[in-house]
Amino acid sequence: MARWDEADIPAQRGRSAVVTGTGGLGLETALALARAGCDVTIAGRNPQKGADAVLHVQRTVPGATVRFEKLDLADLASVASFARQVKNDKDSLDLLVNNAGIMVPPKRQETRDGFELQFGTNYLGHFALTAHLMPLLSKRTNARVVTVSSVAARGGKIDFDDINSEKRYRPMDVYSQSKLACLMFALELQDRSQAAGLGVSSMAAHPGISRTDLLYNAPGRNSLQGLARTFLWFLFQPVAQGALPQLYAATSSEAEPGGYYGPDRLGETRGHPRPARIPPQALDRVASKRLWEVSEGMTELQIDPS
């Protein structure tokens, strides 16, 4: 894996992908996949940002096959509607990149379905999306689901007694919980896919610390986090660099089912893709099974190929 980068992405012509997120890591991932010849659907809640993302890809990669479809991960009805549209357009799907997210809104908010916003958007929305799209993924050979976690998962804990943070809301703790849940989901999905013979590989990745607008869009430019992003910009790697681990997981023949990938330098905060350290709590099989069952109950969905 010596200094793997975008030039190492194998040809993707004939393959199709759904990438959640219209900016930052999502846009860079969509752009790199389009360059490699992939048919890309960019999914997000803001149609104007979606149109801008599509235009950027088309101008950068003339002839790219790219489109936008509206998807609000904080609304399970929107997730279902998006999945119906994808199923109308496609008979199968090669790649799902569960990338979009929000980070540390200062006050507790809820999704349309009454879930805490970070847990509901970052994790439950992607759980539901994967459930809806699994029938398309299972029709392809070597289909992959890549779910984006974070270095913040290291400090995460799944609080089953207060999973919606109704008793206590600490923004960073809740963000860490949501990203730990994403990692646990990716590992559990791989185990279940293998046991069921679905033929769909599940991986996870994290971007280290990258110069995305995630901090600006949630706590705000004038928050402590936003000011750090502004004045300590040199500590944050470029977004395209941060997208490499998820692109590696999505495309490399060397990426292993059930693998977790992140940057290779400075405590996995920057650099080129390599296997990332999995926090011990993400390897708790009892907790992972419980989280899966809780997620099925909250979303009223099961992940299977039918």
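Where does Val145 lie? Val145 sits in strand β5, which covers residues 143–148; strands here are DSSP runs of E with at least two residues, helices are runs of H or I with at least four, and both are numbered from the N terminus. The model is a predicted one, in which local features need pLDDT of at least 70 and side-chain atom pairs count only at pLDDT 80 or more, while totals for chains, interfaces and linings use all residues. Residues are numbered from 1 along each chain as its sequence is written, and side-chain values use heavy atoms, with hydrogens and water left out.

Back to Val145: with a relative accessible area of 0%, this residue is buried (buried means under 20% relative accessible area, exposed over 50% and partly exposed in between, with a 1.4 Å probe and protein chains only). Setting aside neighbours within four places in sequence, Val145 has contacts that include Leu96, Asn98, Thr130 and Leu189, along with Val200, Ser201, Ser202 and Met203; contact means heavy atoms within 4.5 Å. Ala186 is 41 residues from Val145 in sequence, yet their C-alpha atoms are 8.0 Å apart in space.

Beyond residues up to four places away in sequence, Ser201 touches Ala143, Arg144 and Val145, plus Gln190 and Pro257. Between the C-alpha atoms of Ser201 and Leu189, which are 12 residues apart along the chain, the separation is 8.3 Å.

Next comes Gly156, in the loop between β5 and α5 (171–196). This glycine is buried too, with a relative accessibility of 8%. Gln281 is 125 residues from Gly156 in sequence, but 8.1 Å away in space, C-alpha to C-alpha.

Helix α9 (residues 244–251) is largely enclosed by the rest of the structure, because 8 of its 8 residues are buried. Among them are Leu244, Pro245, Tyr248 and Thr251. Elsewhere, α1 (residues 24–35) packs against α2 (residues 47–60) at an angle of about 35°, with the axes 10 Å apart. Axes are lines fitted to C-alpha atoms, for helices over the stretch in contact, and angles run from 0 to 180 degrees between N-to-C directions. On the α1 side the contact is made by Leu27, Leu31, Ala34 and Arg35, and on the α2 side by Ala53, His56, Val57 and Thr60. By class, that contact has 5 nonpolar, 2 polar and 1 charged residues (Ala, Val, Leu, Ile, Met, Phe, Trp, Tyr, Cys and Pro count as nonpolar, Asp, Glu, Lys and Arg as charged, and the others, Gly among them, as polar).

The loop between β7 (260–265) and β8 (270–275) holds Leu266, and Glu268 lies in the loop between β7 and β8 as well. Most residues other than glycine have a negative phi. Leu266, though not a glycine, has a positive phi of about 50°, and Glu268, not a glycine either, has a positive phi of about 65°. Leu266 is exposed at 61% relative accessibility, whereas Glu268 is buried, at 6%.
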